[in-house]
Every structure is written in C-alpha cells, then in structure tokens.
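Biologist: Can you walk me through this one? I would like to go contact by contact.

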Amino acid sequence: MSKDATNPTETHPLDVAPEDQVSDEISDASLLRSQERSDQIEAEIRTNPGRFRILTGDRPTGKLHIGHYFGSISNRVRLQDLGVQTMLVVADYQVIYDRDGVGSLQSNVLDGMADYLACGIDPQRSTIFTHSAVTALNQLLLPFLSLVTVPELHRNPTVKDEMANNPNRPMSGLMLTFPVHQAADILFCKANLVPVGKDQLPHIEITRVIARRFDERYGRVDPKAPVFPQAEALMSPAPMILGLDGTKMSKSKGNTIEIGMSADETAKLIKRAKTDSERHITYDPANRPEVSNLVLLASLATGGDPVQIADELGEAGGGGLKKLVTEAINEHFAPIRARRAELAANPDHLREVLRKGNERANEMAEQTLDEVRRAMEMKY
C-alpha cells in the first residue's frame, strides 16, 4: 500500500528493515537455495514454458567469442526453442559507463546481430533490441533511482570491482547507477526470469528490491496484483571457460576465439594456447587449469565427457590436445560461420530485424511506463 507522503512522521521508504537491505555478497546457503529454485524452474519450463519471460543480453564492446556462445548464447537458443519468451538487449548505453567513447559501436552491434542469428536466435520468437532505442525503458530510471540508496549502489559487486580495479579513474554516474539500469532492463518487459552465473545474483537481488519497494510505495492495494514481478535467477549450466592464455576469457585481453573467425585463424590461436610441460593429458581444473580448459572446449564442442576425452588422449601431449580442440571447434562452428557470413553480407536485413525488435520493445516499455505513471498518480 502507498505511504502517505503528507505525513511528516511517516517512515521514509528507504528506512527499510535489515532483511530488505541490498547485500553485496551471496552466502553459501543463499546460493544453494538459488540453485535449488533454479532446478525447479528448469522442470517447470519443460511443462509450461509460456509462463516465463527472460531478459538477457550483451554489451557491444567488441566481437562475440566462443565463451559467449558456450556460456550464454547456446543456452538462450535452448530456452527459446523450449518456448520461453525471450528478450535480448544489445546494451549500447552500457558501452559508455566505463569508457570515454563508443568505439566501433555500429559494427559491433551489426556483428553481434549476425552472431545471434547465425547461432540460432530466431527474431520471430525472440525480441532483440537496443537500449538507446527504447526511451520508456530508460525513463524508468528516474523513479527506480529514488528507491535505492547510494550505499546500496556502492555495495553492488560490479560497482565495487570498478572502484577497486580503476582507482585512478573517477567513476561516472552512469557506472554507479548501472545496477538500477539493469533493473530497468528486467522490469520494463516484466521479465520474471534472468539467466545468470552465481556472481550475478546480487543484480537479481537489487531488481527484486526495487520491484518490491515500488509496489510498497506506489503499487496497488491488492498485493496479489503488483505492478512488477519478482524476477528469479536461472543459474547458468555452463562452466567457467578460460582464455587461451589461461586467464579469464575477455575481449579486452585478446585471448578469445571469435565466433566469426575462420578455421585457419582458429587453428593459429589454439596453436599458441598455453598448456604445461606434462605430456600425459588429464582433466584436472584445480591443478592443471590451462590443459583442462582445452579439454573442456573439446567437450563443449563435441558433447563428450571431459574426463573421457582426456583419458583417450593419454600421452598425446599438448600438440595432440590442441589438434583435437582445433578440429572440434572448427567442426562445431562451421555451419554457424557459413550462416554468419551470409548474414553479415546483408546489413540491411540485420538493421530490419533490429528495427522490428525495437518496435516490440517500445510497445512493452510504453505500456509499463503507463502503469508506472498511473501508480504514481502522474497520468494527467
């Protein structure tokens, strides 16, 4: 129920109980509960996929790579094909939250569109849109920002990492409010499911807090009919994939294999991949991370068990392992790359797909913003 803003003794909406505070860490117990609930949701998807709508997406800061594919894109295609409503944001506004310009934004967006479609994202069943094209989505930031405190924003892991990793760079206001922008991404389309890894669970938490606080302050009297849903996390099934240098796979580090690379380019990169001096191949991520990462890539590309793959390689050494990985990756991505080349050659088609997706996203955003205005008594 809405609070009486005319009552000076009324508790401030942000003077919330401890259980409603946004935390910066996820406890082991909370992580276990999230995984258990995610497993339940997976079972529900099998029987009633239409009750779920997911929000997912990427920052167009460079070309998408096989880490994106195995870590998220293939799962998006799986969920789409199961019948889950899918919203995929090309987060172009997020490009500028930690940098001074947009770089090769136009080509990055179109390259990403080609990757999505080539990998199996179907624009008839999934809505692909850009931040900058959906005005009503971004307008939700104003009321949402009034629902969180500055300390809560500072506790967000992404914001904390930015502060820790870039001590000599002043944080932009956009970077600080990134968690709220992400909440707007999720809530504008009333997504009730967000595929995430365990490190991203705090983003879901702040989205749930914003939705709950909005309804407590402005929402309908009937608690069974809130303005916004309580989004839930669908835990990513993909294991962590390292870059070819043994560190975290990242576009900025240049240690990736891009989805659109040729077979020869892929072979050259894998040939330079870091391994170790032991000839016998084993799958031991804790003690042999670089070798195990290559075994994992072969496993993901072929569908085989990584332990069995390592056992079969035996004394093949790093050379034999790299040969197997090269063949597996190139075979898996050959049809995707062929389709991608056709799509990239027709940028007008890619722009048309994005235009239609932006239209659908705008319709949803306008409807949600209209509800927000009505709830806030700002509909004149």
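**Contacts and salt bridges**

Modeller: N192 is found in the loop between helix 9 and strand 4. Helices (H or I, at least four residues) and strands (E, at least two) are DSSP runs, numbered from the N terminus. This is a predicted model, where local features need pLDDT of at least 70 and side-chain atom pairs count only at pLDDT 80 or more, while totals for chains, interfaces and linings use all residues. Residues are numbered from 1 along each chain as its sequence is written, and side-chain values use heavy atoms, with hydrogens and water left out.

Biologist: Is N192 buried or exposed?

Modeller: N192 counts as buried because its relative accessible area is 18%. Buried means under 20% relative accessible area, exposed over 50%, partly exposed in between (1.4 Å probe, protein chains only).

Biologist: What does the side chain of N192 reach?

Modeller: It reaches the backbone nitrogen of R53 at 2.8 Å. A polar atom of the N192 side chain also lies 2.9 Å from the backbone oxygen of R51. A polar contact here is a pair of N or O atoms within 3.5 Å; within protein, one must be able to donate a hydrogen and the other to accept it, and residues adjacent in sequence count only if both atoms are side-chain atoms.

Biologist: Which residues is N192 in contact with, leaving aside neighbours within four places in sequence?

Modeller: R51, F52, R53, P229, Q230, A231 and E232. Contact means heavy atoms within 4.5 Å.

Biologist: And strand 4, which way do its residues point?

Modeller: In strand 4 (residues 193-196), L193 and P195 point one way and V194 and V196 the other, and all are buried. Strand 4 runs parallel to strand 5 (residues 232-235), with 4 bridges joining them. Two strands pair if DSSP finds at least two bridges between them. V194 has A233 as its bridge partner in strand 5.

Biologist: Switching to helix 7. Which of its residues are buried?

Modeller: P157, V159 and E162, in a helix that covers residues 157-165. Their cover includes helix 6 (150-154), helix 8 (173-176), helix 9 (178-188) and helix 10 (201-217). At the start of helix 7, a side-chain oxygen of N156 comes to within 3.0 Å of the backbone nitrogen of T158.

Biologist: How many salt bridges does the count come to?

Modeller: The count is 23. The rule is a side-chain nitrogen of Lys or Arg within 4 Å of a carboxyl oxygen of Asp or Glu. One of the pairs is R288 with D276, at 2.9 Å, N to O. R288 and D276 are 12 residues apart, and each sits in the loop between helix 11 (263-271) and helix 12 (289-302).

Biologist: R288 first: buried or exposed?

Modeller: R288 is buried, at 6% relative accessible area. D276 counts as partly exposed because its relative accessibility is 31%.

Biologist: What about helix 15?

Modeller: E352 forms a salt bridge with R355, the closest N and O atoms being 2.5 Å apart. Both lie in helix 15 (residues 347-375), 3 residues apart, about one turn of the helix. E352 is partly exposed at 29%, and R355 is partly exposed at 38%. D370 and R374 also meet in a salt bridge, at 3.0 Å, N to O.

Biologist: Why does the spacing matter for direction?

Modeller: An α-helix has 3.6 residues a turn, so residues three or four places apart point the same way. D370 and R374 are 4 residues apart in helix 15, about one helical turn.
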